[in-house]
Amino acid sequence: MWIPRTVEPLLLRRAATRPVVVLTGARQTGKTSLVRRLFPDYRFVTLDLPSEADQAERDPATFLTRHPPPLIVDEVQYAPGLFRHLKMAVDAERERNGWFILTGSQPLRLMAAGADALAGRADIVELEPLSYAEARAANPRLTPEDFLVRSGFPEAHADPRIETRGFLQSYVATYLERDLRQLLQVLRLRDHERFLRAVALRSAQLLNRADLARDVGIAGSTAAAWLSVLEASHQSALLEPWFSNQTTSLAKRPKIHLRDAGLAAFLCGVHSARELAASPLAGPLWETLVCSELRRSQLNRTGSWNIHFYRDRTGEADFLVHRAGRFHLGEAKWTAFPRRRAVRSLRKVARRLGDDTVESRTIFCRSPASFPLGARTHAVALGDIAALSAWI
């Protein structure tokens, strides 16, 4: 079953204006299926095959003779030596756009090898897991709670017979075995699995690297390296605090979020909507889900994302978007029907920033439909986030 992706128009626009498009994203987000569907007339080769990867790395000229453009190269990070020859092929026909479509799930090596060789020739598009709106297209009865624990990975929604717990357990094992062994040469995978669970338990919280390292039992430098790879391999995202020159008591540490709330719930031991409702982690996991929805909406429309949070001694906002001197403030609340007092903290932040500069205050909640909470203030349902032009 094919689930249409919101990012499709962006990917097609980029392919129409650049010789090379690089589609990155975590494993199992549907990169290969998406490019094969959008570019059905292109030749296709995957470097998951050792023989193809070896030739692409050692003899790229012959490889490109065997696989001429227009070409999709899947898992291109396995042959970093190919990038320079792609540059030569592009330069030979610079008037041709969409000549090569590349996919990769290991952006540390991918970008290191390709950034210089393809500078000015390639656009990078990031594919996130499914949004709630995309998943509901496959299952209209899907609730926000069920979506949170099932994850946003397309395979988990394309086939309802898939058992979520087993799928995510396999996903974690694959990530540990394939990505980490190659990126970090991690030998003690059990330590890293404990690290992943510790990060999940801290999702939607201020990141304290020293406490994280101490709780897992690893060196601070090791924790820093693992956090970098977790972010670069599209498994986590850092929200930086918003700084204002007029304030002196703002939080300086970033907040960490796992990119997929279902994966975070699994790593925290929450495996069903019923367990979620009874868990003290429901609030942070909901905030993680809202963060992922906001980030996906921005990425799918513009190809980049820019979200902050605000915290000082008088108030906080889980999410802040700033454009041309104007602010949009948001708070994630694990409730179906927030009341007006839920925006009390946002009002304090608005006064601190300047009421006349704050265009909207939003409570992201589990309500089945969005509704107003007052002037410039709304409660917004999860399924309506992708349509919020103010946040995109």
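Which residue just after α16 takes a positive phi? I looked there and found G303, with a phi of about 90°.

**Basis.** I noted that this is a predicted model, in which local features need pLDDT of at least 70 and side-chain atom pairs count only at pLDDT 80 or more, while totals for chains, interfaces and linings use all residues. Residues are numbered from 1 along each chain as its sequence is written, and side-chain values use heavy atoms, with hydrogens and water left out.

**Whole protein.** I counted 17 helices and 14 strands; helices (H or I, at least four residues) and strands (E, at least two) are DSSP runs, numbered from the N terminus. The radius of gyration is 22 Å, close to the 21 Å that the globule rule gives for 392 residues, so the protein is as compact as a globular protein of that length. That radius is taken over C-alpha atoms, and the globule rule is 2.2 Å times the number of residues to the power 0.38. I also took the spans of the C-alpha trace along its principal axes, which are about 65 × 45 × 45 Å.

I then looked up burial. Of the 392 residues, 54% count as buried (under 20% relative accessible area; exposed is over 50% and partly exposed lies in between, with a 1.4 Å probe and protein chains only). The protein exposes about 17100 Å², and carbon and sulfur atoms supply 49% of that area. These areas come from the Shrake-Rupley method with a 1.4 Å probe; for residues, only the protein chains shown count as cover.

For contacts (heavy atoms within 4.5 Å), I kept those with a separation of 6 or more, and residues 24 or more positions apart account for 69% of them.

**Helix α16.** I returned to this helix, residues 282-302. At 1.5 Å a residue its 21 residues should span 30 Å, and the end C-alpha atoms are 30 Å apart, which agrees; the expected span is 1.5 Å times one less than the number of residues. In α16, 17 of the 21 residues are buried, so the helix is largely enclosed by the rest of the structure.

I picked Q298, which lies in α16. Q298 counts as buried because its relative accessibility is 5%. Leaving aside neighbours within four places in sequence, I found Q298 in contact with residues including G303, W305, V321, R323 and W391.

**Cysteines.** How many disulfides does the structure hold? I found 0, a disulfide being a pair of cysteine sulfur atoms within 2.5 Å. For C268, the nearest cysteine sulfur is that of C291, 15 Å away. For C365, the nearest is also that of C291, at 17 Å. C365 counts as buried, because its relative accessibility is 0%.

**Aromatic rings.** I counted 9 aromatic pairs. Rings of Phe, Tyr and Trp (its six-membered ring) pair if their centres lie within 6.5 Å; planes under 30 degrees apart count as stacked, over 60 as edge-to-face and the rest as tilted. F39 and Y42 have ring centres 5.1 Å apart and planes at 55°, so this pair is tilted. F195 and W226 have ring centres 5.4 Å apart and planes at 70°, so this pair is edge-to-face. The pair links distant parts of the chain, with F195 in helix α11 and W226 in helix α13, 31 residues apart. F195 counts as buried at 0% relative accessibility, and W226 counts as buried at 10%. Last, I noted that ring pairs link F153, F167 and Y171 into a cluster.
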